[in-house]
There are 2 protein chains.
Amino acid sequence: MPDKVRIALDAMGGDHGAAVVLPGAELSLVRHPDSEFILVGDRAVLDPLLAKLPRLAAASTLIHTDVAIRMDDKPSQALRHGRWKSSMWLTLDAVKKREADVAVSAGNTGALMAMAKFVLKTMPGVARPAIAAVWPTLRGESIVLDVGATIGANARQLIEFALMGEAMARCLWGVERPTVGLLNIGVEEIKGVEQVREAGRLLRDLRLPLEYSGFIEGDDIAKGTVDVVVTEGFTGNIALKTAEGTANQLAHYLKLALNRTFMSRLGALLARGAFDALRERIDPRKHNGGVFLGLNGIVVKSHGGTDALGFAAAIDVAVEMARNDLVAKIAADVAEMNRHIGEARSQQAVEA
Amino acid sequence: MPDKVRIALDAMGGDHGAAVVLPGAELSLVRHPDSEFILVGDRAVLDPLLAKLPRLAAASTLIHTDVAIRMDDKPSQALRHGRWKSSMWLTLDAVKKREADVAVSAGNTGALMAMAKFVLKTMPGVARPAIAAVWPTLRGESIVLDVGATIGANARQLIEFALMGEAMARCLWGVERPTVGLLNIGVEEIKGVEQVREAGRLLRDLRLPLEYSGFIEGDDIAKGTVDVVVTEGFTGNIALKTAEGTANQLAHYLKLALNRTFMSRLGALLARGAFDALRERIDPRKHNGGVFLGLNGIVVKSHGGTDALGFAAAIDVAVEMARNDLVAKIAADVAEMNRHIGEARSQQAVEA
């Protein structure tokens with residue numbers, strides 16, 4: 001467990017590049033003064049910005065490259081043009097070379113995942129990486145995964161997601177045995193796809209470092225029924241974006257309603273503190289940072305369009321993951337799972 | 001297109017049974033004075049209620065049964081115990097016998113779908129029925145299907161959902177060529193499961209009475225990007241419930257925020273009109289009524305826990321569907337699709 005967390009930043013990633021990444025790093029550095037940064041990007045762009053951020057400059061080293069992955073590059077294009085030399089690649093490479101404990105990028109998700117798999121490789125014992133989102137709920141926060149790394153997952157992969165999610169929950173919140181639910185639909189006779197049911201049976205039977213809570217439904221995510229919500233990437237991505245859409249819709253309705261009459265505008269003015277609190281509560285920048293799980297290294301993906309505050313939140317997540325050694329926790333849990341599955345198999349063989 | 005719509009009501013269905021169903025019917029009758037009702041349920045329960053609703057009583061005939069499907073009955077149990085004689089069965093049977101144009105029940109979804117398939121049968125040319133939800137959006141309303149009738153769908157079934165959805169959109173809103181989008185995820189290199197991609201190709205190539213808008217993502221639902229959102233039932237159900245959960249979460253946050261201080265409470269009081277308008281806008285009772293599509297008859301499912309206002313909204317949906325002859329529209333569109341697919345095949349055969 002490193003005291004000083006070393007963070008590699010793709011300084012050119014995201015819609016706004018270094019203009020957001022560097023001030024974001026400065027903000028996070030204030031909260032975590034022990035952090036050290038490796039800034040990867042174009043020196044001509046970074047130097048003038050760093051001149052205005054002396055605190056960050058003092059805590060950073062710089063790796064120069066003038067190649068950047070564009071936000072609309074397809075993963076295959078990104079790999080073709082950006083291998084060995086792009087800021088995204090070199091950021092991931094710093095983690096691979098153990099010069100950094102964690103990588104953060106606001107670059108495009110597909111390219112980042114493709115490069116991360118290429119550079120860091122998938123962990124032994126894990127079939128596929130996943131992207132985990134931290135989801136604000138009525139009970140605080142939950143982890144939802146996979147929100148779009150891949151499509152589809154068999155029972156074994158869903159169990160791996162469960163393990164990676166509980167390891168992340170332990171890092172983030174320090175809970176000993178996080179509760180885990182499998183996202184499913186409620187119609188009795190159907191009760192979910194076979195993979196989900198099989199995963200449910202395995203989660204019940206295997207002795208894993210988690211509390212299996214059974215199937216949950218879509219509305220349980222916002223309720224915060226469980227610490228970790230497990231689903232495959234297609235459904236997870238659609239659930240995440242549907243929730244974002246609904247939140248924006250309601251915020252828009254609220255604004256319209258409050259602007260309707262003089263009395264409502266006056267009321268809104270008086271209740272401004274309340275609305276500020278509400279806005280802060282649902283501020284998507286506070287829940288910025290999708291964590292790539294299942295690779296030999298931690299990668300945090302920030303929203304591409306976020307500002308310095310949002311990017312700082314993504315770095316904060318990265319710090320927690322690195323400080324609590326997420327990768328080692330996942331490795332240990334996956335090894336334990338494989339041991340249990342092996343035991344269960346030999347038990348069956350003995351009984352058969 | 002019938003002038004008088006004849007509506008069969010499962011008077012015993014839902015959490016509150018006749019105490020909600022009958023007053024709900026009265027409310028809808030005021031809006032649609034031409035409606036006629038067949039009330040199916042226990043005469044001993046219905047008669048005293050009808051005595052207080054003379055207007056409804058005058059527009060209704062009664063079919064007596066003292067057998068009711070419980071809200072927690074599994075579909076198989078419901079079929080075993082409720083066949084031929086339950087209020088749910090007899091309500092559907094009235095549509096089958098053409099004594100009613102449409103059936104409405106607040107009974108449990110799984111049982112209602114199982115019975116509806118049994119009694120009404122799936123339409124010729126349609127592989128599977130779907131449940132369509134009317135979803136409030138920033139642009140008004142959209143139809144989303146399937147929200148949980150079945151799990152999984154191949155490309156052909158997704159096209160059928162698209163056709164059933166556009167037919168429903170034409171009935172509800174009178175638009176000539178509803179826009180249709182396929183729900184998918186945005187990561188470039190992945191771009192959705194094979195069935196969804198294949199459905200996209202077919203929707204582009206076939207000449208169907210709809211405007212195909214391509215793939216959409218989860219946040220497009222709330223934006224109202226398209227009139228009809230097509231997806232398979234597992235994802236659709238999770239999206240629907242995730243949105244419901246998010247809406248409840250934000251409403252709860254808002255309430256908490258406004259109760260925090262004296263000033264915010266005062267502001268909330270002044271802006272009460274705005275909050276009433278907002279509440280009405282997101283009132284789930286106004287968007288009550290899942291429509292079962294693809295059967296030889298129209299069935300509308302009301303939320304089990306709704307009140308008279310909500311049940312009336314479900315009846316209103318049923319009236320629109322029956323008045324605009326939804327079943328005939330779907331039958332015509334499915335026949336046309338099959339003709340086009342046949343033509344495309346013979347064209348390919350000629351070219352090959």
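Me: How much space lies in the second largest pocket?

Reply: Rolling a probe the size of a water molecule over the atoms shows where empty space is left. In this predicted model, the second largest pocket holds about 440 Å³.

Me: Which residues lie nearest the centre of that pocket?

Reply: Of the 25 lining residues, A:Val193, A:Glu232, A:Thr235, B:Glu232 and B:Phe234 lie nearest the centre. Elements that each supply at least two lining residues include strand 7 (179-183) of chain A, and helix 8 (194-205) and helix 10 of chain B. By class, the lining has 15 nonpolar, eight polar and two charged residues.

Me: What area is buried between chain B and chain A?

Reply: The size of an interface is often given as the accessible area lost when the parts come together. Here that area is about 5,300 Å², with carbon and sulfur atoms giving 75%. In chain B, the most area is lost by B:Phe234, B:Tyr253 and B:Leu270, together 12% of what that side buries. In terms of contacts, 63 residues of chain B meet 63 residues of chain A.

Me: How many salt bridges and polar contacts are there between chain B and chain A?

Reply: There are two salt bridges and eight residue pairs in polar contact, counted with both residues at pLDDT 80 or more. One salt bridge joins A:Lys241 to B:Glu217, with the closest N and O atoms 2.3 Å apart.

Me: Which helix gives the largest share of the side of chain B that touches chain A?

Reply: Helix 10 of chain B does, with 20 residues. That side of chain B divides into 35 nonpolar, 20 polar and eight charged residues.

Conventions: Residues numbered from 1 in each chain as written. Chains lettered and ligands numbered in written order. Predicted model: local features only at pLDDT ≥ 70, side-chain atom pairs only at ≥ 80, totals over all residues. Heavy atoms only, no water. Contact = heavy atoms within 4.5 Å. Buried area = accessible area lost by both parts, 1.4 Å probe. Salt bridge = Lys/Arg side-chain N within 4 Å of Asp/Glu carboxyl O. Polar contact = N/O pair within 3.5 Å; in protein donor to acceptor, adjacent residues only side chain to side chain. Helix = DSSP H or I, 4+ residues; strand = E, 2+ residues; numbered from the N terminus. Nonpolar A, V, L, I, M, F, W, Y, C, P; charged D, E, K, R; others polar. 1 Å grid on protein atoms, 1.4 Å probe; cavity = no way out; pocket = protein on both sides within 12 Å on 5 of 7 lines; lining within 4 Å. Points joined across faces, edges and corners; volume = space filled by probe spheres on them.
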